[in-house]
Amino acid sequence: MTTLRDALATLDVRDLLPRRADYDLRPRSLGADLLAGLTVGVVALPLALAFGVSSGTGPAAGLVTAVVAGVVAAVLGGSRFQVSGPTGAMAVVLAPVVAEHGLASVALVTVLGGAIVLLAGVLRLGRLVTFIPWPVVEGFTLGIAAIIFLQQVPAALGQDAGAGENPLVAALHAVGAAAAALGRLALGASTLWALATVVLVAALLVLLPRLHAAIPASLVAVALATVLAEVAGAPLARIGALPHALPAPVLPGFGAAAVGDLLGAAVAVAALAAIESLLSARVAATMAPGSVYHPDRELVGQGLASLASGLFGGMPATGAIARTAVNVRSGARTRLAAVVHALVILAVIYLATGPVSRIPLAALAGVLMVTALRMIGTGTVRAVLGSTRSDAATFVVTAVITVAFDLIEAVQIGLVVAAFFALRRLARASTVHREPLPGAAHEGDERIALFRLDGAMFFGAADRILGEVTDASVRDDVLVVVLRLSQLDMVDATGARALADLVTTLEQRGVTVLVKGVQSRHRRLMTTVGVLDGLRHENHVFATLDAAVAHARSHVRRAAQGIDVPQLDGRR
């Protein structure tokens, strides 16, 4: 018997490795990649800091992730435009892990999650993301955007959020405390400064792109807010001290107890990393005409990126849709642009940690609030809600569960809801029709029932179809039932077994069953579960409708003449 080791030894991983064609170092492409990488680096810097803070791992972890994971994923991933690093969705997943297990758990979760994503890529599971329905993806995105916004409400009001507290609850507490202070006319200076900073940053993020699309709005807004806070001596919480160099890689402890405690979190991290990265790569491929991406190689690259990030003290990484879009729009030609983006942030670590450490947390909160609002496409929301009631329900359920409970549970429940509605639609499309017999009418035709089965004969529709055929046959006192099966698109084991039960039930009541049009792809299953063996005679399977109806009429004539039809047919 083939062992797992033998199976892995036969895997061809050559298409998962980098190749020379990934880079075009001609002067024109090189210049475009350098400019695009610089642009993305400037955009990514405040986001890396902000997502590091909101995840609970700290701004330094956000910077390390952007650098280390950014380079590894760019070189080894499956998309030439993908920009990877810390993201809002991953910050949302990681925050409760940090609150429950402590900051020391992040490295192990990151490495374990990366290993799972890597294994998924090697096992060629990249195409599975296509099975996630659009309403689930959009509901998930809406929920993440809401969580990111809610997480920033306490910082925007100059307050600390409770560790591990649900973002919605923490936001409501912060707003309630601020409202109570305002009612007593005792709103503190820190709250007023935080609100003013958020408003300033948000206004700049909206207005600056209208002046010129090339302006790095988030960087300018954060820099201006920092300068004003320093000049005015504002009582605002700051980022704090940052390392002046990348930390040395350290392997986390892999104790059995620690792995057992964090394995569930690692699976959640891996699932999110795979889903978000593949969706981002797919978006990048649609934005750049003629571009393609390799989903399995993308998983390999993202898995190795998270492994490397965890070793250097970073957080799990994923493909970032917003930064990837900026990369494409900035004219990137090859993977070099994403590498340059990481080197820009690396330069900040070595050359500018002093000024960066003075950035107010409220300024980062403003950046994230605007980012969250931009994640919500009002046109997309209207399209989903206006599509079908089942898709709208799937969208709403996924979004609500994402905010109220857990991201991975939201995707799981969203998939279950979507599957339920899909099966219900499939069951409704699976029908049985009683048809008139073809050709001129014959005496005794009323004793023959011709049924056409359409759609899918599966567990969701089998009992209903079985009941309709049986009831009609008994009610009309028919002698022969002809089942037209050529229109069945799909038959599962439950459906085939229901057909076998139908044949047995009718034959036991003295009704002869004839089958017409068994498709070759269904024959083996029907033979295995006993559909054909239940027929009175092996010649009761027909290729054409005319032959089946002619045989049925011969049965009715013999019955009218008092001839024992079963004996003539030769019951087995």
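User: Which way does α8 cross α15, right-handed or left-handed?
Analyst: In this predicted model, α8 passes α15 in a right-handed crossing.

User: And at what angle do the axes of α8 and α15 cross?
Analyst: The axis of helix α8, which covers residues 189-211, comes within 8 Å of the axis of α15, and the two cross at roughly 45°. Since an angle between 35 and 65 degrees is neither roughly parallel nor roughly perpendicular, α8 is therefore described as oblique to α15.

User: Which residues meet there?
Analyst: From α8 the contact takes A194, T197, V198, V201, A202, L205 and V206, and these meet A362, A363, A365, G366, V367, M369, V370 and R374 of α15. Sorted by class, this contact of α8 with α15 has 12 nonpolar, 2 polar and 1 charged residues.

User: What about α6 against α15, what are the angle and the distance there?
Analyst: Helix α6 (residues 134-156) packs against helix α15 (residues 361-375) at an angle of about 160°, and their axes are 8 Å apart. Because angles over 145 degrees count as roughly antiparallel, α6 is roughly antiparallel to α15. The crossing of α6 and α15 is left-handed.

User: Which side chains are involved, and how many of them are charged?
Analyst: On the α6 side the contact is made by T141, I144, A145, I148, F149, Q152, V153, A155 and A156, and on the α15 side by A362, A365, L368, M369, A372, L373 and M375. The contact of α6 with α15 has 14 nonpolar and 2 polar residues, with no charged residues.

User: Switching to the core: which residues touch the most other members?
Analyst: The largest nonpolar core has 88 residues, and within it L49, L63, V109, V201 and I359 touch the most other members. Helix α10, residues 256-287, gives the most to this core, with 13 residues.

User: Take V109, what does it touch?
Analyst: Leaving aside residues up to four places away in sequence, V109 touches L94, V97, L262, A265, A266 and V269.

User: Last one, A170: where is it, and is it buried or exposed?
Analyst: A170 sits in helix α7, residues 167-183, and because its relative accessibility is 8%, A170 counts as buried.

Definitions and conventions. Residues numbered from 1 in each chain as written. Predicted model: local features only at pLDDT ≥ 70, side-chain atom pairs only at ≥ 80, totals over all residues. Heavy atoms only, no water. Axes fitted to C-alpha atoms, helices over the stretch in contact; angles between N-to-C directions. Helix = DSSP H or I, 4+ residues; strand = E, 2+ residues; numbered from the N terminus. Parallel < 35°, antiparallel > 145°, perpendicular 65-115°, else oblique. Left-handed = near helix turned anticlockwise from the far one by under 90°. Contact = heavy atoms within 4.5 Å. Nonpolar A, V, L, I, M, F, W, Y, C, P; charged D, E, K, R; others polar. Core = buried A, V, L, I, M, F, W, Y, C linked by side-chain atoms within 4.5 Å. Buried < 20%, exposed > 50% of the residue type's maximum accessible area, 1.4 Å probe, protein only.
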